[in-house]
Amino acid sequence: MSGRQGGKLKPLKKPKKQNSDLDDEDLAFKKKQQEEAKKLKELQQKAAGKGPLLSGGIKKSGKK
(Lines give C-alpha, C1' and ligand atoms only; values in the text may rest on other atoms or scores of the structure.)
Protein backbone atom coordinates (compact mmCIF):
# COMPACT_ATOMS: atom_id res chain seq x y z
CA MET A 1 0.00 0.00 0.00
CA SER A 2 1.30 3.40 -0.89
CA GLY A 3 1.01 6.23 1.60
CA ARG A 4 -1.00 8.46 -0.76
CA GLN A 5 -3.73 5.97 -1.49
CA GLY A 6 -6.37 6.04 1.18
CA GLY A 7 -10.02 6.66 1.73
CA LYS A 8 -12.75 5.90 -0.71
CA LEU A 9 -11.88 4.93 -4.27
CA LYS A 10 -13.66 6.82 -7.00
CA PRO A 11 -15.89 4.70 -9.22
CA LEU A 12 -14.87 4.26 -12.82
CA LYS A 13 -16.59 6.54 -15.28
CA LYS A 14 -19.41 4.98 -17.23
CA PRO A 15 -19.52 5.51 -20.98
CA LYS A 16 -22.01 8.14 -22.12
CA LYS A 17 -25.39 6.86 -23.24
CA GLN A 18 -25.96 6.75 -26.95
CA ASN A 19 -29.00 8.71 -28.08
CA SER A 20 -31.42 6.11 -29.27
CA ASP A 21 -33.54 6.70 -32.33
CA LEU A 22 -36.51 8.82 -31.32
CA ASP A 23 -39.91 8.50 -32.93
CA ASP A 24 -42.01 11.48 -33.91
CA GLU A 25 -44.20 10.76 -30.87
CA ASP A 26 -41.18 10.88 -28.55
CA LEU A 27 -40.00 14.16 -30.03
CA ALA A 28 -43.49 15.67 -29.72
CA PHE A 29 -43.74 14.47 -26.12
CA LYS A 30 -40.38 16.00 -25.20
CA LYS A 31 -41.33 19.28 -26.86
CA LYS A 32 -44.63 19.33 -24.98
CA GLN A 33 -42.83 18.71 -21.67
CA GLN A 34 -40.40 21.57 -22.36
CA GLU A 35 -43.26 23.95 -23.13
CA GLU A 36 -45.08 22.96 -19.94
CA ALA A 37 -41.90 23.48 -17.93
CA LYS A 38 -41.50 26.97 -19.44
CA LYS A 39 -45.10 27.88 -18.59
CA LEU A 40 -44.70 26.61 -15.04
CA LYS A 41 -41.49 28.58 -14.59
CA GLU A 42 -43.15 31.77 -15.85
CA LEU A 43 -46.06 31.28 -13.47
CA GLN A 44 -43.67 30.75 -10.57
CA GLN A 45 -41.84 33.97 -11.41
CA LYS A 46 -45.12 35.91 -11.56
CA ALA A 47 -46.23 34.45 -8.24
CA ALA A 48 -42.88 35.25 -6.61
CA GLY A 49 -43.17 38.92 -7.60
CA LYS A 50 -46.32 39.43 -5.59
CA GLY A 51 -46.54 39.70 -1.83
CA PRO A 52 -47.89 37.01 0.46
CA LEU A 53 -51.28 35.64 -0.47
CA LEU A 54 -52.61 35.79 3.07
CA SER A 55 -52.05 38.59 5.49
CA GLY A 56 -52.40 35.96 8.26
CA GLY A 57 -50.49 36.03 11.49
CA ILE A 58 -51.88 36.76 14.92
CA LYS A 59 -55.30 38.39 14.84
CA LYS A 60 -55.74 41.24 17.23
CA SER A 61 -58.93 41.57 19.18
CA GLY A 62 -60.54 44.96 19.74
CA LYS A 63 -60.07 44.74 23.50
CA LYS A 64 -57.36 46.68 25.30
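Predicted model: local features only at pLDDT ≥ 70, side-chain atom pairs only at ≥ 80, totals over all residues.
**View 1. The whole protein and its surface.** The protein has 64 residues, and 0% of them are buried.

**View 2. Helix 1 from end to end.** Helix 1 covers residues 24-49. At 1.5 Å a residue, its 26 residues should span 38 Å. The C-alpha atoms at its ends are 38 Å apart, so the two values agree. Zero of the 26 residues are buried, which means that helix 1 lies largely in the open. An α-helix has 3.6 residues a turn, so residues three or four places apart point the same way.

View 3. Asp21, Asp23, Asp24, Glu25 and Asp26 form a negative surface patch. Asp24, one of these residues, belongs to helix 1. Is Asp24 buried or exposed? Its relative accessible area is 66%. Exposed means over 50%, so Asp24 counts as exposed.

How values were computed:
Residues numbered from 1 in each chain as written. Heavy atoms only, no water. Buried < 20%, exposed > 50% of the residue type's maximum accessible area, 1.4 Å probe, protein only. Patch = residues over 30% accessible without salt bridge, like charges linked within 9 Å, V, L, I, M, F, W, Y side chains within 5 Å. Areas by Shrake-Rupley, 256 points an atom, 1.4 Å probe, with all protein chains shown as cover. Salt bridge = Lys/Arg side-chain N within 4 Å of Asp/Glu carboxyl O. Lys, Arg positive; Asp, Glu negative; His and termini not counted. Charge placed at Lys NZ, Arg CZ, Asp CG, Glu CD. Helix = DSSP H or I, 4+ residues; strand = E, 2+ residues; numbered from the N terminus. Expected span 1.5 Å × (residues − 1).
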